[in-house]
Amino acid sequence: MRQIARAAARPGETAGLRLRVGAERERSLRLGLVPALAVLTCVTILPFVFLVVISFTQFDLARRETWTDFSRPLAGYSQVLRDDRFANSLLVQAKLSVATVTLQLGLGLVGALLLNARTRFITLLRISFLMPMVLPPIVGAIIWKVLLAPEISPINWLLGLLHLPQPAWLAEPRLALAAIIIADVWQWFPFALLSVLAALQMIPLELYEAARVDGASSPRIFKSIVLPFIRPTLMVVALFRIIDSVKAFPLIYVLTEGGPGIATEATNYYAYLQGFSFGFIGYSSTMAFIMLAITFVLSLVIVRKLDRTVELE
Amino acid sequence: MGMSSGGRGLRISRRKVLKLVGATGLGSTLAASGVHLLPALARAAAAPAKPFAGKTVRIMFIGNPFWDAVKKMAPAFEDGTGIKLAIETLGFSVLLQRLDLELATGGGDYDITQMVQILIGRTVKAGWATDLMPFIKRDQFDLADFVPGTIRPFSHGGGLYALPWMPDAMAVVYRKDLFEKAGVSKFPETFDELMAAAPKIHTRDAVFFLSENTWHWIWPLFLQSYGGNFFADPPDDLTPTFNTPQAVTSAEFLVEMMTKYGLPNAVNIDIPGSQAAFQQGKAAVHVGGLGVIGLATDKSKSLVADRITFAHVPKGPAGWFPQLAMHGYMIPAGSKQKEAAWEVIKWLTSIEVETAMVKEIGRVAQSRYSILRDPALKQQFTWGGADVGTILQEAMYRPGAGYMAYRMVPPFRPVGARIVVAFGEMLTRQRSVKDALDALQRDAVGILTQAGYPPRR
C-alpha cells in the first residue's frame, strides 16, 4: 500500500509498479493452485506412476521379494505378446466397444430426432430416460441377470408363451456377449439421446423454415443443417462412450464372469483376474498400462478429429 | 474343550488378594490412612475374570448357517472372557479376494480368517499364517481328539497353521422317487453304471445330472477315478498332466454327462445355483460336497426334501476318489490380538460348541472323535433316511487320502481358474475336449512358471 501511495505521488513509476503488482498477483494465483495440484498428484498421478513402475516388475502377492525385482523389466510386456488370452481379451473388448458405441449413438440419434419437440410430454420422457443412467452399474447388471437367468427369466417366459426357443442366454458364447452389449446399450443410450436432443434444440428454427421455403426435403435438411450442428456433440458422446466402454466391468462380473470359457473376457476383466484373483499384480499392471495407452491414443485421435470438425464449422 | 480350559488369563482369588495386600504392607498403609479399600478389592477379585476385556476379535469367513448359530451363542462367551466377536461373512469369490489382499498386505484388520483349502500351500509358504503349535503346547490343547486327517492338511514343517472348521467330503444326493419310477433300484456304484442309468431317468423337467461349475473341484472326482491327476506328483513334482489319455477320457465322460443329461446352462451354475436347482426339483442327482448338497434336506426351501437320500460318489476304473475339502480357522500373521484370537478358536472348536451345532443346525462336518462317536448324536447325522455321518466318515477318514495333495499346492488358484475356463470351452463346444486340454496344459506350464514353480519336465 505504501508503494502504491508513493507511486501515485510519482506518476513515472506507475507502469513499473503495475508490472510488479501483476507478477505478485500471478505468484499468488500459482500458490493458490498448489493445494489442488497436490491433491491431483496424490489421487491421480502417483497411482499412475505406481502402475507404470509396477508394470516393470513380476510382482506376485505371495512372493514379497518380487515387489522390487526389476531384473527383467520387460518380462511382463513380452509375456503379453505371447499370451493368447490377452489377445482374445482385446478382441472381446473391441467387439464390445464397437457394438455398444455404435448402437448407443444410432439409437440415441434416432430417439432424439423422434423426440425433438418442445412439449411437456418430452420433458417427462427425458426424465424417464435418465433412470437407467442413474442406476449404479452393479444394479443394472443384477437387473439383467434376473432378466436373463433361465430359471426366472421373464424374457424366456414370454418366448415360451410364443412357442419360441428359450435360449440359455449367458451359457452360449455368442449370446452371452450379445447380452452384455444389450445391457450396456440399455443403460447408456439415453446419454447419447439426451446429449443429441439438447444439441438439436439449439438449432435455430429459422434455418428449418428457410430450408423448407427453398424446397429442401427432410433428408436434405438432416444432411445440410442438422448433421453439421450436432456433429461435435456426436463426437463428444462417442469419445465419452468409448472411454466408458472399456469400463464395462460390472456387467461382465455379474453376468458371465468372462465366460463361457473366455467368450466375454474383456481386457479389464482379465487384468482384474490376474491381479486380484491370482495375485500377479505386476502382470496385471502391465495389461492395465497397455489398455490405458490404447484408450489414450484412441481418445487423442477422436479429440483431434473433433478439433478439426469444430474449426471447419 | 470348554471356553475356560487352558485359558491363561489372570484369575485372582480373594485369598491371593489378601496375601498380596498383607505381604506388601499395603493393608496397614491403607488402614493407617483411613482408607478401607479391601472390601472393594475383594469384590473385584471375586467377580468372574475377564482377561480379554475390551478386546474385539474380528473374524472373516464364508457365509454359513454355522456363523448364525455362533452369533446366538456369542453373548455367553463374551460374558465369560470379555472378548467381543465381530463376525463378517462373505460370498466365496469375494472372500478369496479379500483374504489374498488382507493377508498379503499384513493389514492385521482380522484376527481369525478362513484357511481355505486351495490357499493352504500359498498361505503357509508366504508366511501369512500364525503357527498354532506354540499355543497348543502351552495350553495342552487336546489335539488327539481330532481325526488326524482333518489336521494333516494344516500341518507343514512341524507347524500347525489352522484348526479344522469344516471337513467336507464329496457325495451324492438323489431323488428316490425318480429312480424308483425308472426302475433303478439302487444308486450306481461305478461311472459306467451311472452313464447307463442316465437315459432311463433323464427328462426335460428333471435332468439326470447336476453339479456346480467349479470344475477344478468336480472334475478330479472323474479324473482320479480314471487314473489321472492335475500334476505329476504333487506337491513335489508340479509338472501339469492335463492332457494325458486319462484326463481326456474323464473329461469326455463329464462333458457328455453335462451336455446330454445336465441343465442347458450348466456352465453357469454356481454353488447357490446348483443348490436352488436341486431344491426346486430340476435334477435327479446332485454331486458335490455334503456341505452344499445337504441343503436339499432343508424343508423350508426344498420342494424335494422328503423324496431324497444320500449315497457315495461312484467309483472309476482306477478306484474310488471322493474329493475332500478342508477349511480351517487361522490367525493371520498380521493380527495384533493373537492371544484373544486363540481363545476364540479354542471356544469355536470346543466340544460344547460343536455339540450345539450338531443339535441346532445338523452340522455333520465334524472333526472330533468325541462328537463323531457320541451315540446321543447319531440320530442327528441321519438325513433323508441315510446315515450321512457314516458316508462322510468313510470318505474322509479312510487312510490314503493323500490324493488331495494336488489341491493344496501354492499355485492352485490360478491353475484352478484356468481349468474352469477349459470346461467352459468344452461344454459350449468352443473347443473339442482334446484341444481344450492341450491349451490348458500349455497355459498351466506358463502359470506355474509365472508363480515360481516351473515344471520339472
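Residues are numbered from 1 along each chain as its sequence is written, chains are lettered from A and ligands numbered from 1 in the order in which they are written. Local features need a pLDDT of at least 70 and side-chain atom pairs count only at pLDDT 80 or more, while totals for chains, interfaces and linings use all residues; side-chain values use heavy atoms, with hydrogens and water left out.

The predictor assigns the complex an ipTM of 0.80 and a pTM of 0.83. Confidence in each residue is given by pLDDT, on a scale from 0 to 100. Chain A has a mean pLDDT of 88, with 94% of its residues at 70 or more. Within chain A, helix α1 (residues 2–9) has the lowest confidence, with a mean of 54, and helix α4 (residues 84–115) the highest, at 94. Helices (H or I, at least four residues) and strands (E, at least two) are DSSP runs, numbered from the N terminus. For chain B the mean pLDDT is 87, and 89% of its residues reach 70 or more. Residues 1–47 of chain B have a pLDDT below 50, and this stretch has 41 contacts in the model beyond near neighbours in sequence; contact means heavy atoms within 4.5 Å. Where pLDDT is low, the predicted coordinates should not be read in detail.

Chain B contains 20 helices and 14 strands. Of its 457 residues, 56% count as buried, where buried means under 20% relative accessible area, exposed over 50%, and partly exposed in between (1.4 Å probe, protein chains only). Among the contacts in chain B with a separation of 6 or more, 75% are between residues 24 or more positions apart.

Two packed helices are described by the angle between their axes and the distance between the axes. In chain B, the axes of helix α4 (residues 65–81) and helix α16 (residues 351–361) come within 10 Å and cross at roughly 115°. Axes are lines fitted to C-alpha atoms, for helices over the stretch in contact, and angles run from 0 to 180 degrees between N-to-C directions. The crossing of α4(B) and α16(B) is right-handed. A crossing is left-handed if the near helix is turned anticlockwise from the far one by less than a right angle, and right-handed if clockwise. On the α4(B) side, B:Pro65, B:Phe66, B:Ala69, B:Val70 and B:Met73 take part, and they meet B:Val353, B:Glu354, B:Ala356, B:Met357 and B:Ile361 in α16(B). Nine of the residues in this contact are nonpolar, none is polar and one is charged. Ala, Val, Leu, Ile, Met, Phe, Trp, Tyr, Cys and Pro count as nonpolar, Asp, Glu, Lys and Arg as charged, and the others, Gly among them, as polar.

A nonpolar core is a set of buried Ala, Val, Leu, Ile, Met, Phe, Trp, Tyr and Cys residues joined through side-chain atoms within 4.5 Å. The largest such core has 160 residues, of which B:Trp67, B:Leu85, B:Phe208, B:Trp219 and B:Phe310 touch the most other members. Beyond four places in sequence, B:Trp219 has contacts that include B:Phe230, B:Phe242, B:Leu254, B:Ile419 and B:Leu440. A second, separate core of 55 residues includes A:Val92, A:Ala141, A:Ala183 and A:Leu255.

B:Pro240 lies in strand β9 (residues 237–240) of chain B and counts as buried because its relative accessibility is 3%. B:Pro240 and B:Val445 are 205 residues apart in sequence, yet their C-alpha atoms are 6.7 Å apart. Other contacts of B:Pro240 include B:Phe230, B:Gln441 and B:Leu448. B:Thr297, in the loop between α14 (290–293) and β11 (308–311) of chain B, is partly exposed because its relative accessibility is 26%. A C-alpha separation of 7.0 Å is found between B:Thr297 and B:Trp383, which are 86 residues apart along the chain.

Most residues other than glycine have a negative phi, and most peptide bonds are trans. A cis peptide bond, with omega about 0°, joins A:Gly259 and A:Pro260; another joins B:Pro234 and B:Pro235. Phi is positive, near 55°, at A:His163, a residue that counts as exposed because its relative accessibility is 75%. B:Gln140 has a positive phi of about 50° and, at 70% relative accessibility, also counts as exposed.

How values were computed. pLDDT = per-residue confidence, 0-100.
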